[in-house]
Amino acid sequence: MAYIVVLENIYLRQIIIKGLVYNKVMDTKTTTIKFFAVAVCVIFIILTLGFIWGNSIVPMENSGEASNTVFNKLKPMLDFIFYPIVKDEGVSHHFFRKLAHFSEFFLLASEVLVLIWILGKVALKNIFLVLGGGLACAVIDESIQLLTNRGSAVLDILIDFFGFVSGTIFVVLIYAIVFLINYRKHQKLENEVS
């Protein structure tokens with residue numbers, strides 16, 4: 001029976017086919033691309049956290065004005081997208097702000113999970129650690145609002161965390177699809193070898 005095992009780290013790839021070991025030193029280009037991808041992910045994560053927490057520092061009046069400006073530009077599109085939910089009333093500014101909470105944390109989770117994917121650390125334990133980190137970020141976000149006299153809401157923490165969980169599920173599903181595609185390719189290769 002043939003079997004294929006791929007052992008990989010950042011510098012060395014070992015492919016074991018029928019007990020024979022083939023070593024392939026990964027080229028500098030692959031290592032550089034991986035380093036660049038990790039750096040880009042980390043930068044995006046920092047920028048997203050800065051955007052989330054930076055908006056929490058802004059006084060309520062200024063934050064309301066800024067979100068109202070964006071809301072007025074996006075309202076026609078949002079009314080169209082959410083028509084089955086809001087019907088003739090249209091999307092409210094309150095709904096828009098909650099959707100923004102959800103979206104920010106969806107994006108943050110997606111960025112963190114893509115980083116974990118690039119690093120090759122996708123495992124159930126790590127996903128639960130990431131979810132805990134997402135909850136901590138949501139609590140920090142609302143705590144910042146307490147410190148700036150904007151008030152804090154448990155509902156916002158729940159919406160933030162639900163956005164984070166949804167982003168996590170989204171990337172994990174994409175990862176699972178890619179994993180299954182690669183698994184089938186390896187199965188075909190294994191069948192051809194035997």
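Asp-156 and Lys-98 join their side chains in a salt bridge, 2.4 Å from N to O. The term means a side-chain nitrogen of Lys or Arg within 4 Å of a carboxyl oxygen of Asp or Glu. This pair links distant parts of the chain: Asp-156 sits in helix H6 (residues 154-193), Lys-98 in helix H4, and 58 residues separate them. Asp-156 is buried at 6% relative accessibility. Lys-98 is buried too, at 19%. Buried stands for under 20% relative accessible area, exposed for over 50%, and partly exposed for the range in between (1.4 Å probe, protein chains only).

The model is predicted: local features need pLDDT of at least 70, side-chain atom pairs count only at pLDDT 80 or more, and totals for chains, interfaces and linings use all residues. Residues are numbered from 1 along each chain as its sequence is written, and side-chain values use heavy atoms, with hydrogens and water left out.

## Salt bridge within H2

The structure holds 2 salt bridges. Lys-75 and Asp-79 form one of them, at 2.9 Å from N to O. These residues are 4 apart in helix H2, so about one helical turn separates them. An α-helix has 3.6 residues a turn, so residues three or four places apart point the same way. Lys-75 is partly exposed at 23%. Asp-79 is partly exposed at 22%.

## Nonpolar patch

Helix H2 (residues 60-81) also holds Leu-74. Leu-74 is partly exposed, with 32% relative accessible area. Together with Val-70, Met-77, Phe-80 and Ile-81, Leu-74 makes a nonpolar surface patch of about 490 Å². Patch residues have over 30% relative accessible area and no salt bridge; like charges are joined within 9 Å, nonpolar side chains (Val, Leu, Ile, Met, Phe, Trp, Tyr) within 5 Å.

## Helix H4 and its contacts

Helix H4 (residues 93-119) has 27 residues. Its first and last C-alpha lie 39 Å apart, close to the 39 Å expected at 1.5 Å a residue. That expected span is 1.5 Å times one less than the number of residues. Gly-120 follows H4, with a positive phi near 75°.

Ser-110 belongs to H4 and is buried at 13%. Neighbours within four places in sequence aside, Ser-110 contacts Gly-167, Phe-170 and Val-171. Contact means heavy atoms within 4.5 Å.

Gln-145 lies in helix H5 (residues 124-147). At 7% relative accessibility, Gln-145 is buried. Residues up to four places away in sequence are not counted; Gln-145 then touches Ser-56, His-101, Arg-150 and Gly-151.

Cys-41 is buried at 10%, and Cys-137 is buried at 14%. The structure holds 0 disulfides (pairs of cysteine sulfur atoms within 2.5 Å).

## Whole chain

The chain has 6 helices and 3 strands. Both are DSSP runs numbered from the N terminus: helices are H or I with at least four residues, strands are E with at least two. From the N terminus, the order is β-β-β-α-α-α-α-α-α.

Of the 194 residues, 29% count as buried. The chain exposes about 12,800 Å², and carbon and sulfur atoms supply 71% of that area. Accessible areas come from the Shrake-Rupley method with a 1.4 Å probe; for residues, only the protein chains shown count as cover. Among contacts with a separation of 6 or more, 62% join residues 24 or more positions apart.
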